[in-house]
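Here's a quick walk through the covalent and charged side-chain links in this chain. Have the structure open while you read.

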Amino acid sequence: MYDLIIIGMGISGISASIYAKRAGMKVLLLDGSAPGGTINKISNIENYPGASPITGPDLAYKLFSEVNNMEIEYKFEKVTSVSLGKIKKVITSNGEYETKFILIASGRRPKMLGLENEEKLFGKGISTCALCDGTLYKNKDIAVVGGGSSALSEALYLSNLANKVYLIHRREEFRGESELENQVKAKENIELILNNEITKLKIDDEKLTGIILKDGKSLNITGLFVYIGFIPNTEFLKDTNINIENGYILVNNCQETNIKNVYASGDVTKKEIYQIINAASEGAIAVINMNSKS
């Protein structure tokens, strides 16, 4: 039996595991994907003190190195459900684990446009990771859709690879950092398309060949990068009584859920700011509060 099982190996979960290990807790990290979570899909990080500028994968590697250096136990297994009785149980694709505390740090995943053929074209012209797939579109015409900091940042990154980048946003004003917006507007090969949205994907030979906008305009592109928001990874909690709003877990300022000894941190929680710096701190806050109640 573990003192703490952490669901998710993003920066919040790894931060929590470090604090738990240093506090002498028997801890297990679980994740069905790569360590680092969505950090792996960030091209450049320029606002994380002491580490920036750094690429997302490089930061993820540093985080995972700390896990290994501290000999923190981890398993790459997808969590399918949890049981939240007096003794907590975490059920995965490979087994079942008992624990006193659970920290849910499962993060969130990109939201898609919901257009016909979108799923079929994922990896064949449609992507949610500029760092992963950007080089495939070197010297080609592509589009980025979204209005937040992620869309602005990735449009900038892609503009250094692609011939032309169309940045499409359904509103007149962007929601991202003003410095990123200024950089985007200064880039000669980024064209802003505002108050518009994509209504149809053009396909030929099972590959993306273009898009049609709401105003009827057609753009011939070979790559489309989608940054329109996120969906929290909380499906495995559907049979629990954890308080959830629009998919996000509700917590107090100690990162506690409404269920005793169940905590949540990082991007899976409902909050005002989603940044890697507060995700890391929330993981630490959760463990510190656990130990005060042990």
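## The disulfide

A disulfide here means a pair of cysteine sulfur atoms within 2.5 Å. Keep in mind that this is a predicted model. By that rule, the count comes to 1 disulfide.

The bond joins Cys129 to Cys132, with an S to S distance of 2.1 Å. Now look at how its two ends sit: Cys129 is buried at 3% relative accessibility, while Cys132 is partly exposed at 45%.

Next up are the charged pairs: the structure holds 12 salt bridges. Lys89 pairs with Glu96, and their closest N and O atoms are 3.8 Å apart. Lys89 is partly exposed, with a relative accessible area of 28%, and Glu96 is partly exposed too, at 48%.

Lys185 and Glu181 make another salt bridge, 2.9 Å from N to O. Both lie in helix 6 (residues 178–186), 4 residues apart, or about one turn of the helix. Glu181 counts as buried, with a relative accessible area of 14%.

## Reaching across the chain

Glu191 and Lys217 also meet in a salt bridge, at 3.9 Å from N to O. This pair links distant parts of the chain, 26 residues apart: Glu191 is in strand 11 (residues 190–194), and Lys217 is in the loop between strand 13 (207–213) and strand 14 (218–219). Glu191 is partly exposed at 26%, and so is Lys217 at 37%.

Finally, there's a network: salt bridges that share partners join Arg108, Asp267, Lys271 and Glu282.

Key:
Residues numbered from 1 in each chain as written. Predicted model: local features only at pLDDT ≥ 70, side-chain atom pairs only at ≥ 80, totals over all residues. Heavy atoms only, no water. Buried < 20%, exposed > 50% of the residue type's maximum accessible area, 1.4 Å probe, protein only. Salt bridge = Lys/Arg side-chain N within 4 Å of Asp/Glu carboxyl O. Helix = DSSP H or I, 4+ residues; strand = E, 2+ residues; numbered from the N terminus.
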